[in-house]
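Here is a short briefing on one protein chain. Look over the sequence and the model first, then read the points below.

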Amino acid sequence: MAFKLTDAHVEQYHRDGYAIFRKLIPSGLLRELRAMAEKAREICHQQRGPQAQRLQPIQKYGLDLKAYTEYAELPDLVEAVETLIAADAVYAYTDRRTKESYAGILFEPAERPYCTTWHRDWRDNRAGLSIKAWEANLLNIRMYNQVNTPLYDDHCTWVVPGSHLRRDLAAEIRRFPDRPIQAPNTSGMANEEAEAACLEYCESMPGGMQVNLHAGDFMLYRNSLWHIGNYAPYRKRATIHDVVWTPEFLHWWKNTPNREDGRPEMQNPNVDRPEYKALKAAIA
Ligand SMILES: O=C(O)CCC(=O)C(=O)O
Ligand SMILES: [Fe+2]
């Protein structure tokens, strides 16, 4: 049956910070998207190396984007995004007229397992960002909306449901007190050991949960949610990674606000928190 938005999707999106539109992509279109993604994978490995996580934006690489355009304009999808986020929210295109898009495709690594750090996008991966400005938008549904569309079954993403609604909890501060957050160190390990270390790192996050996506699903999520990607060469992946744009979010991308003191390093979002101060006092 074709996908239709329900109240349960809306409720889950607001409460948990992500919602999955199951079986959104018709099988024929999925086949065409896979063919496009296989070409993109070749380009990705040729130009960015065997361990590259993504090719982005796919618009820059001379691919035939007919299937992508058909997918991005699926009427049920467009209607769902406008209902769930805002009437003027636009999936995929920064500009509907020019069809400019930043869409990427996420691929599995060809050689070694690895994971990203646990993070909230912008806050924990953009050095020099004003965390105050980022936090001011935390409850603004028009900001920080992102999409993963798996063309093959995909279990790479983990999230902490509900974390998009709040600052860090005490247990999260204790787990990751410092910035920048470090990924597990797997250098010198055999692939199986590295894979186990990455899994342990994913599981070490209080409240962390693995997301289970099937080929043709569509996962909308707040990238202000705690999340992580965990990858292994044998977990084949081609997942379209894209954004839901509003004028405010586009403005943010193009004019990311710098920290008030102008310093280049990443700010620690928890310096003013009692949990952080207690932790540092105990170490000192
Ligand atoms: O691989 C994923 O699903 C998540 C990737 C991610 O969070 C990132 O690159 O910022
Ligand atoms: Fe992320």
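Strand β12 (residues 227-231) is mostly covered: five of its five residues are buried. Buried means that 20 or more other C-beta atoms lie within 10 Å of a residue's own; exposed means 12 or fewer, partly exposed means in between, and C-beta atoms are placed from the backbone. Strands (E, at least two residues) and helices (H or I, at least four) are DSSP runs, numbered from the N terminus.

This is a predicted model, in which local features need pLDDT of at least 70, side-chain atom pairs count only at pLDDT 80 or more, and totals for chains, interfaces and linings use all residues. Residues are numbered from 1 along each chain as its sequence is written, while chains are lettered from A and ligands numbered from 1 in the order in which they are written.

**The sheet around β12**

- Both faces of β12 are covered. H227, G229 and Y231 lie on one side, I228 and N230 on the other, and all are buried.
- β12 belongs to an open sheet of four strands, in the order β7-β12-β9-β10, with antiparallel pairing. Two strands pair if DSSP finds at least two bridges between them.
- β7 (114-115) and β10 (209-210) are the edge strands, each with a single partner, so one side of each has no neighbour in the sheet.
- Strands of a sheet pair through backbone hydrogen bonds, either parallel or antiparallel.
- β7 and β12 are antiparallel and share two bridges. Here Y114 stands opposite Y231 of β12.
- β9 and β12 are also antiparallel, joined by three bridges. T157 stands opposite G229 in β12.
- β9 (residues 157-159) meets β10 through two bridges, again antiparallel. V159 has M209 in β10 as its bridge partner.

**The ligand shell**

- Which residues are around ligand 1? They are L106, T116, D121, N148, C156, T157, H227 and G229. A residue is near a molecule if its C-beta atom, placed from the backbone, lies within 6 Å of it.
- The shell holds two nonpolar, five polar and one charged residue. Ala, Val, Leu, Ile, Met, Phe, Trp, Tyr, Cys and Pro count as nonpolar; Asp, Glu, Lys and Arg count as charged; the others, Gly among them, count as polar.
- H227 and G229 of the shell are also buried residues of β12, on one side of that strand.

**The nonpolar core**

- The largest nonpolar core has 62 residues. Such a core is a set of buried Ala, Val, Leu, Ile, Met, Phe, Trp, Tyr and Cys residues joined through C-beta atoms within 7 Å.
- Y18, L33, I105 and L220 touch the most other members of this core.
- Helix α2 (residues 27-48) gives the core its largest share, six residues.
- Leaving out residues up to four places away in sequence, I105 touches A37, A40, R54, L55, I58, A238, T239, I240 and H241. Contact means C-beta atoms, placed from the backbone, within 7 Å.

**The whole chain**

- The chain has nine helices and 13 strands.
- Of its 284 residues, 35% count as buried.
- A compact globule of 284 residues would have a radius of gyration near 19 Å, and the chain agrees, with 19 Å. This radius is taken over C-alpha atoms, and the globule rule is 2.2 Å times the number of residues to the power 0.38.
- Along the principal axes, the C-alpha atoms fill a box of roughly 60 × 45 × 35 Å.
- Take the contacts between residues at least 6 apart in sequence: 84% of them join residues at least 24 apart.

**Backbone details in loops**

- The peptide bond from Q56 to P57 is cis, with omega near -10 degrees. P57 sits in the loop between β2 (54-55) and α3 (66-72).
- R179 and P180 are also joined by a cis peptide bond, with omega about -10 degrees. P180 is in the loop between α6 (170-175) and α7 (191-203).
- K23 is not a glycine, yet its phi is positive, about 55 degrees. K23 lies in the loop between β1 (18-21) and α2.
- Is K23 buried or partly exposed? K23 is partly exposed, because 16 other C-beta atoms lie within 10 Å.
- K99 has a positive phi near 60 degrees. The loop between β4 (93-95) and β5 (100-101) holds K99, which counts as partly exposed with 15 C-beta neighbours inside 10 Å.

**An exposed loop residue**

- D261 lies in the loop between α8 (247-254) and α9 (274-283).
- D261 is exposed, because 9 other C-beta atoms lie within 10 Å.
- D261 and S101 are 160 residues apart in sequence and 33 Å apart in space, C-alpha to C-alpha.

Conventions:
Contact = placed C-beta atoms within 7 Å.
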